[in-house]
Amino acid sequence: MKYADTARKGVLHVRSIWNGAISFGLVSIPIKLVNATESHSISFRQIHTEDGGRIRYRKVCELEDREVSQAEIGKGYEDADGTIIPITDEDLSHLPLPTAKTIEIVAFVPADRIDPLQMDAAYYLAASGAPAAKPYTLLREALKRSNKVAIAKFALRGRERLGMLRVVGDAIAMHGLLWPDEVRAPEGLAPDVDVTVRDKELDLADALMDTLGEVDLEDLHDEYREAVEEVIAAKAAGESPPESPEPAKSGKVLDLMAALEKSVTAAKKSRGEQPAEVHPLPRRTTPKQPTGKKSTTAAKKTTTSAKKSTTKSAQGAKKTASTAKSTTKKTTTKKTTTKKATPRKRTA
């Protein structure tokens, strides 16, 4: 059910927690502040485990040593030396602040300028009486047309606060905001090691996000509260509480890519889609480095054979040359000898 429908059906008949006015320049809009949210969490009482008796806290005056009623309790500020300074509601109602009973709009800004970390409690602003109808509607329509939110200051529960006004349905809602110095900086929280995210990993993360898609927040509900209610109902009926299912065993994620692929497949199955076949990425294996022993040996053998062949050839050539030289020498010697042996003819 939408907020506007809820408001029209009159479901929000709750007590206002603050009455005042919105100050919009010189325009004043009488309003009532109403809580916009409610808690559905189950509350437990403290009991004495031996007999089931309720454990109660009693407010006792330490000077008189007696229990006091709520009507007798006021506020006081404890000074540094321990002295208690009484502070009454009348004292606080005369604070020299324009926001004591006024939600003072100080600026209009785009909604994305507001850090969600600053968001606090949410309230509805209800027009108080017929005279407030026209200026209330004017502010609501001005916010709609501008696509902006109003930043305001107001005082509530003893302190000045910051607020953001926006349109919800036909009403104006106000979110309490923390002051900027109340939001801690996220220093030292990010991983202190260098991490490289690959494009394939980002692609799979995108695929998982697309598969999960969007969700209608109206379909979400508090399963923990429902489980607690089942336990309470079983105990009240004298039955054994339902047993919780075994949690799925989750091992260490050693392969981020494989985990992302499995997540995409599981998400598609849960949505009734036919999961596309996911081919596992090939694992990187280090190729075997060739030892080179056989090649080296073969190379050595080839080199040795070549050397031997060369040596043999050289030796053969050398031997042939030597033989030829020897033969030539012998032939020359023989010729010389023959020549010397021929007698010279004498003349008479």
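The exercises below go from a barrel to a helix, a hairpin and one threonine.

This is a predicted model, in which local features need pLDDT of at least 70, side-chain atom pairs count only at pLDDT 80 or more, and totals for chains, interfaces and linings use all residues. Residues are numbered from 1 along each chain as its sequence is written, and side-chain values use heavy atoms, leaving out hydrogens and water.

**Exercise 1.** Trace the strand order of the closed barrel of seven strands.

*Solution.* Strands here are DSSP runs of E with at least two residues, and helices are runs of H or I with at least four, both numbered from the N terminus. Two strands pair if DSSP finds at least two bridges between them. Step one: the order is β1-β2-β8-β11-β10-β9-β7, with mixed pairing. Step two: neighbouring strands of this sheet are turned by 40° against each other on average, direction ignored.

**Exercise 2.** Work out which residues of helix α3 are buried and how they are arranged around its axis.

*Solution.* Buried means under 20% relative accessible area, exposed over 50%, and partly exposed in between, with a 1.4 Å probe and protein chains only. First, the buried residues of α3 are Pro135, Tyr136, Leu139, Arg140 and Leu143. Seen down the axis of α3, they fall within an arc of 140° (taken from the directions from the helix axis to the C-beta atoms), so they line one face of the helix. An α-helix has 3.6 residues a turn, so residues three or four places apart point the same way. Next, the face turned away from the buried side carries the exposed residues Lys134 and Arg145. Finally, just after α3, asparagine 147 has a positive phi of about 55°.

**Exercise 3.** Describe how β5 and β6 are joined.

*Solution.* Begin with the pairing: β5 (residues 75–78) and β6 (residues 84–87) run antiparallel, joined by four bridges. Lysine 75 stands opposite isoleucine 87 in β6. Then look at the turn: the two strands form a hairpin with five residues between them, where glycine 82 has a positive phi of about 95°.

**Exercise 4.** Is threonine 211 buried or exposed, and what does threonine 211 touch?

*Solution.* Start with its place, in helix α4 (residues 199–212). Threonine 211 counts as buried because its relative accessibility is 8%. Not counting residues up to four places away in sequence, threonine 211 touches Val264, Ala267, Lys268 and Arg271, where contact means heavy atoms within 4.5 Å.

Definitions and conventions. Axes fitted to C-alpha atoms, helices over the stretch in contact; angles between N-to-C directions.
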